[in-house]
Each structure stands twice: as C-alpha cells, then as structure tokens.
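Here is a quick walk through a protein model and its ligand, strand by strand. Have the structure open as you read.

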Amino acid sequence: MATMQMTVRPEDLSQLPKGTERIPDPGILVIFGASGDLTKRKLLPALFHLWQGNLLPQRFAIVGVARRPLGDEFAADMRSGIVEFGGVDSSDPKLDGFISHISYFPLNFDDPSHYAALKKALDQIAAEKGIGPDRLFYLATAPEFFAGIVENLGAQGMAQAENGRVAIVIEKPFGHDLDSARLLNQQVNAVFHESQVFRIDHYLGKETVQNLLVFRFANGIFEPIWKRNYIDHVQITVAETLGVEGRGPFYEKAGALRDVVQNHMMELLSLVALEPPSSFDAESVRREKLKVWQAIPAIPILNTVRGQYGPGIVDHEHVVGYRDEDRVNPESATETFAALRLSIENWRWAGVPFFLRAGKRMKKRATEISIQFKQPPLLIFNRMANSGPCSEILPNLLTIRIQPDEGIALRFGAKVPTSSEMAVCPVNMDFDYEAAFGKSSANGYERLLLDAMLGDQTLFAHRDGVETNWALYTPILQAWAAKVPQVFPNYFAGSWGPECADHLLEHSGHSWRNDLGRNT
Ligand code: BG6
C-alpha cells in the first residue's frame with residue numbers, strides 16, 4: 001500500500017517556549033521496595049532524565065528503603081541501572097551530582113520501630129540538605145506490604161506535614177478483585193486523603209497515550225466524526241512477544257485480564273471514548289473517564305475468550321510453553337491471553353462494538369488502537385483487481401500506534417493513476433513520532449514522577465475508577481475460576497492467540513487486525 005509521510009520539522013522543536021517547565025519544591029522521595037527491579041530499571045533512570053532536563057529542584061533527596069542490609073552499594077547499583085536501562089553515558093557529567101542525592105535505609109516493613117527510625121533519618125537528611133517538609137512515598141513493594149506500610153506511616157505521623165505536602169504513590173496491582181480493591185482503598189484512605197494518593201498506571205505516562213487527548217481535543221476535524229454515526233468498531237490490542245520473564249509466581253496469580261486488561265487497556269479505552277473534558281485538570285479528566293467505565297454494561301461470558309500459550313517460535317527462537325516456565329504450575333489454568341467484546345451504552349457509542357485483546361508470546365509486539373469507520377453509503381467505483389492490495393475498497397481506518405513504531409496512520413482510498421478506469425487503492429497518511437520529534441529515551445515514569453511531585457493527579461487512577469473496573473471484571477474472573485479450561489494450552493507461542501478469539505468478531509463480519517504496525 002502506498003504511504004504518504006507527514007512530517008514536522010525537527011527544527012520547529014527548538015522554537016518551543018523555554019522557562020515554562022514546572023519544578024517541584026525541595027523534598028524527599030522515599031522508595032519502599034527499592035532493591036527491586038522497578039527502581040533500578042525504571043524509576044532511577046526516569047529521575048535522572050528529569051535531573052538532566054533541570055526539572056528537579058537543586059535541593060532534594062532520594063531514599064531507598066528495603067529489607068536488605070545495603071549501604072553505599074545501593075547508590076552504586078542505581079548508577080549502573082541508570083546507565084544500563086536509561087541509555088545514559090557512564091561519563092555523563094551530571095551523573096555523579098545526581099547520585100550524591102541518593103541514600104539507603106534498611107527497614108522491616110512490618111516493624112513499627114523501624115518507621116520511627118526512618119522518620120528521624122528523613123528529618124536529619126532534610127535538615128542537612130535544607131529541604132522542607134515535603135515527602136513523596138513510593139510503594140514499589142509486593143502488594144501484600146501496601147496496607148502495612150501505609151498504616152505504619154500513619155501511626156508515626158508521617159502521612160501529613162504542617163506547611164508541607166505529603167503524597168503516596170502506589171504501583172499496581174490495586175487489589176486483585178473488587179473486594180480486595182475496596183479494602184485496600186479503605187486502608188489507604190484511612191491514612192491518606194484521596195488528594196494525596198497517586199495510583200500509577202504507567203500507560204498514562206506514555207507520550208502516545210497522552211497524545212490521544214491532544215489528537216482528539218486539540219484538533220477540530222476528528223471530533224465531529226468520533227461517534228456511532230461514523231465509526232463501525234474499535235479494536236484495542238496489547239500484544240507482547242515476551243513471556244512471563246521470570247515473574248511466574250506473580251503471573252500465576254494475575255493472568256492477562258488482571259495484569260493488563262483491567263487497568264492499562266481500560267485506560268486506553270477511556271481515552272478513546274470519553275467526552276471532551278471541560279479542562280485538562282485532574283477532576284475534569286477523571287470524571288469523564290469514570291463516566292465511560294460506568295456506561296459499560298456487564299460483559300456476557302460468551303463475549304470473552306481466554307488462552308494460554310504452548311511452546312512455539314517467537315522472533316525466530318524456540319520458546320517453552322507457559323506451563324514450562326520457571327515456577328509455574330505444570331497444570332496451570334492461568335490465562336496468558338484474554339479477548340473480549342464490550343459496548344459503551346451512551347449516546348456517542350451505543351451500538352459500536354469495542355474489541356479488546358491482550359496476550360503474551362504473540363507473533364509481534366504491538367500496542368495499537370484501530371478505529372474503523374463506516375463505508376460510504378454507496379460505492380460508485382470498481383474494485384481494481386481480483387487479488388492484491390487493490391482488490392478491495394477498504395473502509396477508512398485510523399490506527400494509533402502506541403508502541404513500538406509510535407505514530408498515527410489514516411488509511412483512505414485514492415485513485416490509481418491509470419487512464420482506463422476509476423480504480424481505487426488504499427493509501428496511508430502516516431505521522432511518525434520519531435521522524436517528527438526525534439527518538440525519545442523517556443520510559444513514561446518521568447512524567448508521572450514529576451506530576452506526583454507537583455501534586456498533579458490528572459494522569460493517575462482514582463479509587464472510583466479502579467473500583468468500577470474491578471466491578472466489571474470480577475464476575476468474569478469468577479466465572480473463569482469456576483470452570484477450569486480443558487483446552488489449555490490453546491495457542492502456539494508466536495501466533496495471534498487462540499482461534500476461538502476470532503469468533504468474537506466473526507458474527508458481526510469483522511476480523512482482528514493482524515497486520516499490526518504501519519497500515520499495509
Ligand atoms: C505491566 C505488566 O503492568 O505491563 C506486564 O505487569 C506487562 O506483564 C507490562 O508486560 C506491559 O507494559 P509495556 O509498557 O511494556 O507495554
């Protein structure tokens with residue numbers, strides 16, 4: 001298929017206004033569970049990128065907290081993480097200055113006396129560095145420790161500060177079903193006011209996800225057709241080629257529906273479907289998202305499909321099936337693939353099916369939203385050929401490539417330059433992020449960490465949203481748990497998932513878009 005590339009001149013970027021960046025007040029970031037992978041791979045590289053961009057205050061401290069008795073080696077380990085995972089040169093002149101802000105505090109998560117000592121240590125660091133009372137607690141631990149840490153912070157009077165801002169960041173999972181999510185929210189809100197709570201969904205930190213709002217609401221031409229009258233259906237895919245990457249015990253309890261669909265995919269869906277917020281502030285955006293989720297009726301179990309990968313070939317390499325992964329039950333019933341059809345019963349979307357699918361060990365890594373528009377009411381032109389790319393007059397398709405190969409493509413029909421007939425062939429207008437803005441090394445956490453330090457909750461999950469989504473998915477999880485799948489594994493690693501997922505779409509004449517990536 002022919003492609004037209006729309007470009008933005010990179011030199012235009014240098015014209016962006018300077019000096020409008022928001023910089024947090026001096027404060028201390030305390031990371032619980034700091035010896036885990038997340039801190040080294042994502043959080044510290046992101047913090048360093050902020051430091052490089054002069055977006056952190058000169059006076060600040062990062063205190064890693066975990067059970068292991070570490071000392072200076074913690075900062076050294078973070079340094080190597082920044083270099084390895086942040087794409088940073090080890091001789092970067094800003095690196096040593098940044099590392100000097102890092103320290104470590106060993107703590108048993110369930111020992112109240114350790115929190116009293118932590119409080120003292122933080123006060124001391126603050127006094128030495130001339131930092132005020134602002135504190136940001138980041139829970140990067142296993143979820144079973146969340147409630148205890150929160151309670152202990154409250155008991156030591158660390159959840160509030162006179163003349164300062166204290167906030168808490170919580171990594172997913174926020175519960176594993178509706179009841180546990182409600183309980184966790186109650187426990188957190190017993191200590192921290194909701195305005196202090198930042199529930200991270202790292203998808204909201206992705207540029208391409210935030211761009212959904214810009215695409216829809218900073219442009220005049222899409223919104224008038226962004227509705228049931230013109231849109232045939234919407235597909236959202238989160239396909240990963242990775243397996244469970246040594247996280248067997250975690251994944252055994254999670255599965256694809258909990259791990260990705262209930263949170264990341266529902267965030268994507270809400271940004272596609274929400275009404276224009278009255279402003280870009282936390283309350284307006286979160287209110288509109290909630291309305292979308294609340295308009296989704298219960299999903300019939302017949303409209304869901306689960307799958308589990310067997311052995312296969314991914315990226316030219318043989319890989320084992322899920323049941324043979326490290327620390328996975330050889331008879332596991334955990335799904336590594338989930339697909340479903342849902343509807344949003346409001347004036348904008350009634351009658352438009354939304355198809356969602358997520359899977360591990362799929363044929364290709366691609367997170368994409370594709371919006372298929374309706375055909376014109378009457379097709380007056382001929383098909384050009386019996387086979388090949390011009391054999392069909394295809395409906396307009398808007399594809400938002402969240403990752404990789406980030407961009408947006410619009411497929412439309414164009415006249416083939418031949419004098420003998422009016423023949424139509426599909427072509428693409430394609431916006432490519434990298435070509436337009438250059439390559440970004442950001443991992444999504446930069447924006448979220450900065451917003452949390454600044455107290456901006458727009459890109460964070462609210463308890464009402466979390467609970468609404470659990471209310472939607474808990475019955476499916478319960479129904480799946482009640483019936484052990486007899487056919488697992490039911491798809492080969494390196495395929496597009498189980499065949500039965502195709503039936504979800506077939507009866508409405510649709511099919512999954514499997515040529516993900518640029519429209520072809
Ligand atoms: C995480 C899940 O939340 O998201 C992982 O726990 C998944 O299993 C990951 O691989 C996907 O994130 P990304 O940014 O790689 O699309």
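Predicted model: local features only at pLDDT ≥ 70, side-chain atom pairs only at ≥ 80, totals over all residues.

Which strand is joined to β7 by four bridges? It's β6 (residues 166–171), and the two run parallel.

## The six-stranded sheet

Zooming out, β6 and β7 belong to an open sheet of six strands, in the order β4-β3-β2-β5-β6-β7, with parallel pairing. The edges are β4 (102–106) and β7; each has a single partner strand, so one side of each is left without a neighbour in the sheet. On average, neighbouring strands here are turned by 20° against each other, ignoring direction.

## Strand β12 and its two partners

Is strand β12 (residues 337–342) largely enclosed or largely open? It is largely enclosed by the rest of the structure, because five of its six residues are buried.

β12 pairs with strand β9 (residues 304–307) through four bridges, and that pair runs antiparallel. G307 is the residue opposite F337 in β12. β12 also pairs with strand β13 (residues 354–359), again antiparallel, this time through six bridges. In that pairing, A338 stands opposite A358 in β13.

## The three-stranded sheet

There's also an open sheet of three strands, ordered β11-β10-β18, and its pairing is mixed. Its edge strands are β11 (317–319) and β18 (491–493), each pairing on one side only. The twist from one strand to the next averages 25°.

Within this sheet, strand β10 (residues 309–314) and β11 pair in the antiparallel sense over three bridges. For a landmark, look at I313: its bridge partner in β11 is H318.

## Around the ligand

For E240, the distance from a side-chain N or O atom to an oxygen atom of the ligand is 2.5 Å. A polar side-chain atom of K206 lies 2.6 Å from a ligand oxygen, and for H264 the separation between a side-chain N or O atom and an oxygen atom of the ligand is 2.7 Å. On its own, the ligand exposes 390 Å², and the protein buries 80% of that.

## A buried arginine

One last stop: R513, found in the segment after α14 (500–506). Why does R513 count as buried? Its relative accessible area is 10%, and the cut-off for buried is under 20%. The R513 side chain also makes a polar contact with the side chain of D515, at 3.3 Å.

Note on methods
Residues numbered from 1 in each chain as written. Heavy atoms only, no water. Pairing = 2+ DSSP bridges. Axes fitted to C-alpha atoms, helices over the stretch in contact; angles between N-to-C directions. Polar contact = N/O pair within 3.5 Å; in protein donor to acceptor, adjacent residues only side chain to side chain. Areas by Shrake-Rupley, 256 points an atom, 1.4 Å probe, with all protein chains shown as cover. Buried < 20%, exposed > 50% of the residue type's maximum accessible area, 1.4 Å probe, protein only.
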